[in-house]
Amino acid sequence: MHILMVHPHDIYSSLEPWTVRITYLAEQFVKMGHKVRLVYHLENPHQRPEIMKHRQEFSFQTIPMIRFSSTLLYKTKKLIELAHWADVIHFQKSFAYCSIPSILAGIFTGTPVHYDWDDWEAEIFRNSCPEDAYWYQYTNQIEKIIPKLVDTVSVASLPLWQQCTALGVDHRLVFQAPVGGDPDHFNPDNLDASDILNQYDFKEHVVTYMGQLHGAQYCSLFLEAASKLRKQRDDITFLVIGNGSEFLDLMQEAEDLGLNDSIIFTGSVPHDTVPKFLKVSDVCVAAFEDTPQVRTKSPLKICEYMAAKKAIVASDVGEVSNMLDHGNAGILVPAGDAMSLASGIQKILNDPDLKKHLEHNARQRSLNKYNWTTTANSLMSAYHLGMGKKKKIARRFKFLKWERLYRFLFQSNSRFECEDLPQGKMISTLDDFKRMAGVKSVTGSFIGPQLVQLDVTNLCNNDCVACWSNSPMLEDLMIDPASKRDTIPLDVCSRILDEMHSIGTKEIYMAGGGDPTMHPQIFDIWEKIKSLDMVLYVNTNFVLLCTHEKIKRTISLGIDHFTISMWAGSPEAYSRTHPNKGPKDFEKVKKGLTLLNQLKESTPYVKVYHVISRLNYKDFWNMLDFCVDTGSESVEFTLVDTIPGKTDQLLLTEDERQWLYEQCEKVNKDCYDQKYKNKVLLFGFERFMRRLSSVDSNVGDHDKNIVESFPCYIGHLFARIMPDGDVNTCLKSHRMPTGNIYEKGFDEIWSASRQKYFRKKAQVYDKKDPMFALIGNDADVEVGCYKSCDDISRNQYMHKRISELNFLEKGFLNIYQGYLESTGQKL
């Protein structure tokens, strides 16, 4: 059987551990001989599905999508394509951006649709956001409608079964599918937990709570019980495994309860490591209040406790009593009662025979009923019933030609494929439609730039040979001492960041003629950016961040991406391209970068950046190895952008260019698969090879063969703020700023006449307007963009997005633009 599974959350994110239900079930289906494809939705909205699709860590194919509801059309189209392969569509949870496309895909293709109802999502939302009545009603209505629109339903608890049948669903179509544990994975007899014991200083006994630390969870109840036990005995370490929005609040609560010397918060733990923590635990706790939502739960933690052969104390509510065999496989205590929890824990710790008895019964409960194999078998029964039911219905509607309607609504006659762009149609969010509405109006804008490059200082501790500001080869053109000291104060940075955030800017990129880390308050600026929930990219030489203390602080701030400017993969090449640095500096950066990648859990994502010139092109293979050796995720190459009469001697000769191009072909054809695959992503490699292949690169016109193949939309997408406060429309337009942040607010500059003038002049194919001569550093060229356009990818993305709009999307864009204009939302 071919099974298409769809989940609304991110199976690779440590912040969404509940996705183990669907991944365990998918693994079970594969073991049973079935084919599985699993669609999941990225937790980070700024991750690109076309990149993340290369992450494959399971025995089945995983397919990433963006989770916004505004991408429903794209998702429906994609799921229809996948549904042609499938015998059954299985989706979990009622989230509209997942459930509606799955149901429509089943309708269009005649594929049976199965809904896995594992939790009462509307009630969870109400508990987490009690003030948001509108979205609760929306979620509640969706959850009530969906069971009536699918062929079969599975439920994780008896109360959910009762809810489902009360909605009018035939009870013969509703299947019990409780959560399970993996008895093999959690078997303590097969585990070596010595690394956990060495890492933590545990007391004689370990009492563990495992779960998500956010709304609708009850870790506070566990902490209260721990506090009562702490007053009775001092031989217990209380262990809290998990993460969530209340993590810091719970740590403070533990401190207030006097548990500092007796409690350990692990934070996010990889699911593969959880069994080791459970092995060192003496008692495991599942604490709950008695609420309508909890009564519908089938708690995963209890199944994993049982699989790990643990003595369990649990609040007696909902399915918990059934799961623990009415007290034979664990001690049941009244819900919401911290004193009873403490007494139950005390009882087990004081009675070794009882502990052993409960451990044995819990393990047997896992082996006999609460495991993923049992749940998978129940789902297979539902699938087979749905397939038979669907075939009967499909015969009645055989005359319908869904393919014609599908082509008319969802397919575009235009295709724009280019370097480094995702194959196939791109997803568009509401913010994307706002920007497209701005492009359609040419000069107007309904939203701020997606990304702003914020250059906070001209100060730099390096003298890279090809730098426009600090290269020793510039001589009289080197940045003057007064300008070199230009630095944007913290208070000004804070103000303009608030202004950007107010008009919808989502991403900040920090780079410039100086190094951001030279700003005396750079950590405060980073903290401000992350407090606004913006994605933060930092381009740095990393020299000043190499201490253990700064690396830990950097990770704790949550910086999303680092671009490490290296220009070398060996000490020798590093010294050639940085005259004021030596081999010791290279090793310092390499060691610091390796430490960063070892300490981080997921972010920052690290890309190593190399500007290629005659001084370092022979170091190409060392540069690839450097990325692998430091544990960095990706590497990017670009050809040197020169200043005439000063640095153009750094340009590759024809022979050098040909040699390097041949090495790149080897990487693509042979070596990448053998040595670097799944270890390093070659970022922008097609663009780099395209530049290498052009004869114009011999004279530094790296992008002449591409910039006139589409209009320039950058005035709608991007802005750059220089250390002197000037605001530029693109990365190379510093000779014609549109304003200055010391004179006007950023939001004013973005909608001012100069910005509109640039948009109108730039949004053309033929770059012959005199304005283009002002792009870049060369005063003698007619089109400065030819030398090196750093905004190519942003332009290509927007051009592809606009070119491939289908009938429905074009209609929506026209209506949406009219709505934005009529409601006064033009900036």
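**Exercise 1.** What area is buried between domain 1 and domain 2, and what percentage of it do carbon and sulfur atoms give?

*Solution.* The model is predicted. Start with the division of the chain: domain 1 spans 2-176 and domain 2 spans 193-368. Their centres, taken over C-alpha atoms, lie 29 Å apart. Next, list the contacts: 18 residues of domain 1 meet 15 residues of domain 2. Now take the area. About 1,300 Å² is buried between the two domains, and carbon and sulfur atoms give 62% of that.

**Exercise 2.** Find the salt bridge and the polar contacts between domain 1 and domain 2, then describe the domain 1 side.

*Solution.* The count of salt bridges between the domains is one. Lys-297 and Asp-119 form a salt bridge, with 3.9 Å between the closest N and O atoms. That distance passes the cut-off, which is within 4 Å. Polar contacts across the interface come to four residue pairs. On the domain 1 side, helix 1 (20-31), helix 5 (121-128) and helix 7 (158-166) each supply at least two residues. By class, this side has eleven nonpolar, five polar and two charged residues.

How values were computed:
Residues numbered from 1 in each chain as written. Predicted model: local features only at pLDDT ≥ 70, side-chain atom pairs only at ≥ 80, totals over all residues. Heavy atoms only, no water. Domains from an automatic or database assignment. Contact = heavy atoms within 4.5 Å. Buried area = accessible area lost by both parts, 1.4 Å probe. Salt bridge = Lys/Arg side-chain N within 4 Å of Asp/Glu carboxyl O. Polar contact = N/O pair within 3.5 Å; in protein donor to acceptor, adjacent residues only side chain to side chain. Helix = DSSP H or I, 4+ residues; strand = E, 2+ residues; numbered from the N terminus. Nonpolar A, V, L, I, M, F, W, Y, C, P; charged D, E, K, R; others polar.
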